[in-house]
Structures are given as structure tokens and as C-alpha cells.
Amino acid sequence: MHSINKLTFVILITCIIFFVQISAREEEASEETKKYTTKYDNIDIDGIMKNERLLKAYVGCLLDRNPCSPDAMELKRNLPDALATNCSSCSEAQKTAADKLSHYLIDERPETWSLLEKKYDPDGEYRRLYQDNKFNNVNQKYLD
């Protein structure tokens, strides 16, 4: 009887270890695959940049100055995480749109960028990263 209890105990411990390892792997996998919704990936970012009314609506939403459309609310909800993780949960379309819009705002609408930067990137890390990349790309053109 004593050997059966030992065997049962070993089997029980083995099962617990097995389930803990599976749970840990599933949690890691779900973190790796965590992506933002792609529901709004077809938004016309060029159209927004060219339309003063639309651009102001998005910026106003991000700055808590006016109500948000559903897509602007999604952006507002994900923006802090996207900045903190270098857009690791973004789809390719989201990365492209984010780069295009932020570059436009930094280069063409610095006053608007400053307001957003004050709220979402007070240390100016994203601006420095963009400017470093821009400088490196310009220098690379001359080296090619």
C-alpha cells in the first residue's frame, strides 16, 4: 500500500509540472501573438493628413478635447502601448500609417506634434529616433 501512495504521489507531481509548463507556454504564446485590431487598417491616412477637419478631429480626440470616432478611440487606447513597445503589437499597415502620420506631423505640423508629444512622449524619444533615422537615411543616400 505504501508503494502505491508513492507512485500516486509521483504521478500527481508529474501531472502538475506538466500542466504548469503547458500553461506557461500558452501564456507566452498569447503574449507573442497579442496584436491590435486590424479593423481600421484600411483608413486613408493620406486623406486624413490632407483634410484639416479630419486631422483636427483625430488630434482633438487624442488630446481629450473632443469626442472620438471609433477608430480614433482605438488609436487613443493603443497609442501609449505602441510607443512603449515600438509598435510590437501593430500590423504592418498600422506601422506604415503611424510612421507616415508622425513624420508628417513632425516635419509639417510641429505645433501639433508638440502637443501630442507633451502628452504621449514627454521625453521626446520618438522624435529623436525619427530624427536619427532621417539623418542616417539622408547620409546613406550620399554614400550610395
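Predicted model: local features only at pLDDT ≥ 70, side-chain atom pairs only at ≥ 80, totals over all residues.
The chain contains 7 helices and 0 strands. Read from the N terminus, its elements therefore follow the order α-α-α-α-α-α-α. Of its 144 residues, 26% count as buried. The chain exposes about 10700 Å², and carbon and sulfur atoms supply 58% of that area. Contacts were also sorted by separation along the sequence: among those between residues at least 6 apart, 59% join residues at least 24 apart.

The disulfides were examined next. A disulfide is a covalent bond between the sulfur atoms of two cysteines. The count in this model comes to 2 disulfides. When the bonded cysteines of the chain are numbered in sequence order, the pairing reads 1-2, 3-4.

C68, at 25% relative accessibility, counts as partly exposed.

A disulfide also joins C87 to C90, with an S to S distance of 1.8 Å. Here the torsion about the S-S bond is about -80°, so the disulfide between C87 and C90 is left-handed. Both C87 and C90 are buried; for C87 the relative accessibility is 12%.

Backbone angles were considered for two residues in loops. Most residues other than glycine have a negative phi. D64, which is not glycine, has a positive phi near 60°. D64 is placed in the loop between α3 (52-62) and α4. C87 is likewise a residue other than glycine with a positive phi, near 60°. The place of C87 is in the loop between α4 and α5.

Helix α4 comprises residues 70-84 and includes A82. A82 is buried, with a relative accessible area of 13%. Apart from its neighbours within four places in sequence, A82 is in contact with Y36, C87 and C90. The cysteines C87 and C90 in this list are those joined by a disulfide. A82 was also compared in position with K95: these residues are 13 residues apart in sequence, and their C-alpha atoms are 9.5 Å apart in space.

Helix α5 covers residues 92-108 and was examined for its span and its sides. At 1.5 Å a residue, its 17 residues should span 24 Å, and the end C-alpha atoms are 24 Å apart, which agrees. In α5, the residues Q94, L101, S102, L105 and I106 are buried. These residues cover an arc of only 130° around the axis, which puts them on the same side of α5. An α-helix has 3.6 residues a turn, so residues three or four places apart point the same way. On the other side of α5, E92, T96 and E108 are exposed. The cut-offs for these classes are a relative accessible area under 20% for buried residues and over 50% for exposed residues.

Methods. Residues numbered from 1 in each chain as written. Heavy atoms only, no water. Disulfide = S-S within 2.5 Å. Buried < 20%, exposed > 50% of the residue type's maximum accessible area, 1.4 Å probe, protein only. Helix = DSSP H or I, 4+ residues; strand = E, 2+ residues; numbered from the N terminus. Contact = heavy atoms within 4.5 Å. Expected span 1.5 Å × (residues − 1). Arc of directions from axis to C-beta. Areas by Shrake-Rupley, 256 points an atom, 1.4 Å probe, with all protein chains shown as cover.
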